[in-house]
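Q: I have a structure open beside its sequence, and I would like to learn how to read it. Could you walk me through some features, one by one?

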Amino acid sequence: MKKAVGLLTIIIAMNLSAQTWPNAQPPKAAKKPFTRSLHNDNFSDPYYWMNAYFKKTADSSEIIAHLEAENAYTAAMMQDSEDLQDKLYHEMRNRIKEKDESVPFFKDNYYYYTRTEEGAQYFKFCRKKGSLDAPEEVLLDIDEMAEGHSYYSASGFSISPDHNWLAYGVDVVSRRQYRIYFKNLITGEIIDDNIANTTASVAWSNDNKTVFYTSQNPETLLTERIMRHSVGTPSTQDHEVYFEEDDTNYIGVFSTKNQQYLLIHSSSTTSSEVRYLDANQPMKEFKVFQPRIKDVLYDVTALEDRFLINTNLDALNFRIMETPLDRTEKENWTELIPHRADVLIEDVDEFKNFLVFSERYNGLARLVIYDRNTLQSRYVQFDEPTYLVYTTGNVDYFTENLRYVYNSMVTPATVYEENMRTAQKKVLKVQEVLGDFDRNNYVSERLFATAKDGTKIPLSVVYRKGIEKNGKNPVLLYGYGSYGNSMEATFSSTRLSLLDRGFIWVTAHIRGGEEMGRQWYEDGKMMKKKNTFQDFIDAGEYLIQENYTSNRHLYAMGGSAGGLLMGAVINMKPDLWNGVIAAVPFVDVVTTMMDASIPLTTNEYDEWGNPANPEHYTYMKSYSPYDNLREQRYPHLLVTTGLHDSQVQYFEPAKWVAKLRDVNQSNNVVLLKTEMDFGHGGASGRFDYLKEIALNYAFLLKLEQYPELKQ
């Protein structure tokens, strides 16, 4: 097959000319009869055979050959942009300060930090004892550990309470299945004791030898069990302390900041349940904090004398409750911070004398500092029209200094430390953007598009100063709109390569996220999912109406569930876009949600619905991108995926591309690029991922017939 693929590349290359696109034919996927049947509804799916490699029910060589042929076709079609891709890659890489260091955080007489070196893809995890002037101790050299691996992810670094042990997780396949290792920080030895099929992190008990971790089902990747492990013993001797019977829930285990408790958290998108255990008594059983209640979510924060509960119980946008340490059921909860219809409470950072609430108001993040002694509160102030702020690295329960990161679409990430008592603050670190970057050369705006049903949709906009709004500017509209995940108005140094070439970037804060509160999410999921798609379309039409761009210059991009968004909007409004980028797109909704053996499917029932329910089946089939492909003129399309993707299996985009080509009535290109060594998140190195961005940007610039392309 390698010879055949090489021949294909040569034949296509011979057809390259000064045209925008080579005159070449894409690979033709085989069609094999298969009918999906449910609720007396039959759906013909001739490309279902592509599931074979995942299912391991057939020889994988056919699908591998097809994906390789698609890669060869994409490479050939983009061959005239190779110089531009290389230029973009180096341009973006050259903005990165390669030798850099994170802001150290201080815990129990140790400063912990990471640092990167010139030319190295990964990083080193380090510490210093007592002072930043003390000798450096390299705890893990990820650059060295990653040698020989095409993909390497080290995560979940967790230090024992006495600072003598380090636990960490490693994934070398890119399916988010981690193996946990333990390093003795006194001897420097990584012991033979390790644990497979985990989520990378552990929670230490205060005896410095007992840890708790989350075990995954090796096939479905569901987080099923919380296990107890004694460091230095075989994992076969580990004890199960909790099994999650509800396969729609995710579970995890954590230590509280004050190190008094261990918490097991089980939740879906609609309900949750917490169990707790004294961290000094790891051999005892976890107790239920409050039994799960339908449609009630809650999180628990441990203080020295009480628990705080952030919950949506009788409070759509959440409120803060408190309860004694020995009476945790909801009957004992009393209100500390009331519910507000226009403010979403997202998180709590706890300290001995202060609380910090992360809130969202009118779509923007904000921080509230609450004095536990005076009961007074104040807001941390910001003045840009659109931005993001979040707390980070606040590991010391007894400190009075709060750390947070602020950035916007024109302001690089800046780490601040603010004294919560005096309000005095200082800058600890500013993301350094090398080259000639000047934030004053760029403009950010916050706009509101009106959706079809009258809802105002926030848009975060950034472009280079001097652009004339004449309807001729290329605009890239980005969206997601699922799981309550808010898309933030953040800085991106890679984005500068588009802005400097005349593009306007717009992030659409569509329903399905939580930018405008919990109802914003509720109105973009399950039986209201189509609001997400319509909001995005209305945002695009608004940008045309306001003369930012035109159909000829409007582009769209989204990944994963945002790839579902891309598939839906090109079915609904194919003539609105000149080109679309769909990264690891979830596009075969019905077939995937019918198959509980596919990783994480059952966890998604509360988001999309369960096809076993006839009403859910009918609704999701009415928007599923694969099911709704039909004969019409589709825009140019670049689709990317990863062979080892555990979130959206490679066969979804592969099937979608094959079927889309069958029905496409335009001459616009449809390209599929599969990363054969990676998964959902792409490359693991801090430079390698820039190659995918360079491909994406070159695709857009090619559609704009940018003069930097080969002639």
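A: Gladly! Keep in mind that this is a predicted model.

Q: Let's start with a single residue. Is H163 buried or exposed?

A: H163 counts as buried, because its relative accessibility is 5% and the cut-off for buried is under 20%. You will find H163 in the loop between β8 (153-159) and β9 (165-171).

Q: What is the phi of H163?

A: First the general idea: most residues other than glycine have a negative phi. H163 has a positive phi, near 65°. Y483 is another non-glycine residue with a positive phi, here near 60°. Y483 sits in the loop between β33 (475-478) and α6 (496-499), and it is partly exposed, with a relative accessible area of 27%.

Q: How do I read a sheet? In what order do the strands of the open sheet that includes β15 come?

A: Strands of a sheet pair through backbone hydrogen bonds, either parallel or antiparallel. Here four strands make an open sheet, ordered β15-β16-β17-β18, with antiparallel pairing. β15 (250-255) and β18 (287-288) are the edge strands: each has a single partner, so one side of each lacks a neighbour in the sheet.

Q: How many bridges join β15 to β16?

A: Six bridges join this antiparallel pair. Within the pair, I251 stands opposite S266 in β16. The two strands form a hairpin with five residues between them, and Q259 in the turn has a positive phi of about 65°. Moving along the sheet, β16 (residues 261-267) pairs with β17 (residues 272-278) over seven bridges, also antiparallel. There, H265 faces V274 in β17.

Q: And the nonpolar cores? Which residues of the largest nonpolar core touch the most other members?

A: In soluble globular proteins, nonpolar side chains tend to be buried together. The largest nonpolar core here has 72 residues, and those touching the most other members are M50, L459, F536, I570, W577 and W656. Leaving out residues up to four places away in sequence, W656 touches G567, I570, A582, P585, V587, P625, Y626, L629, L637 and V639. There is also a second, separate core of 41 residues, which includes L84, V410, W505 and F687.

Q: Where does T640 lie, and what does T640 contact?

A: T640 lies in strand β37 (residues 636-642) and is buried, at 4% relative accessible area. Beyond its neighbours within four places in sequence, T640 is in contact with A582, A583, V584, P585, K673, E692 and N696.

Q: Can we try a glycine too? Where does G609 lie?

A: G609 is in the loop between α11 (605-608) and α12 (614-623). G609 is buried, with a relative accessible area of 0%. Not counting residues up to four places away in sequence, G609 touches M526, M593, E604, H616 and M620.

How values were computed. Residues are numbered from 1 along each chain as its sequence is written. This is a predicted model: local features need pLDDT of at least 70, side-chain atom pairs count only at pLDDT 80 or more; totals for chains, interfaces and linings use all residues. Side-chain values use heavy atoms; hydrogens and water are left out. A nonpolar core is a set of buried Ala, Val, Leu, Ile, Met, Phe, Trp, Tyr and Cys residues joined through side-chain atoms within 4.5 Å. Buried means under 20% relative accessible area, exposed over 50%, partly exposed in between (1.4 Å probe, protein chains only). Contact means heavy atoms within 4.5 Å. Two strands pair if DSSP finds at least two bridges between them.
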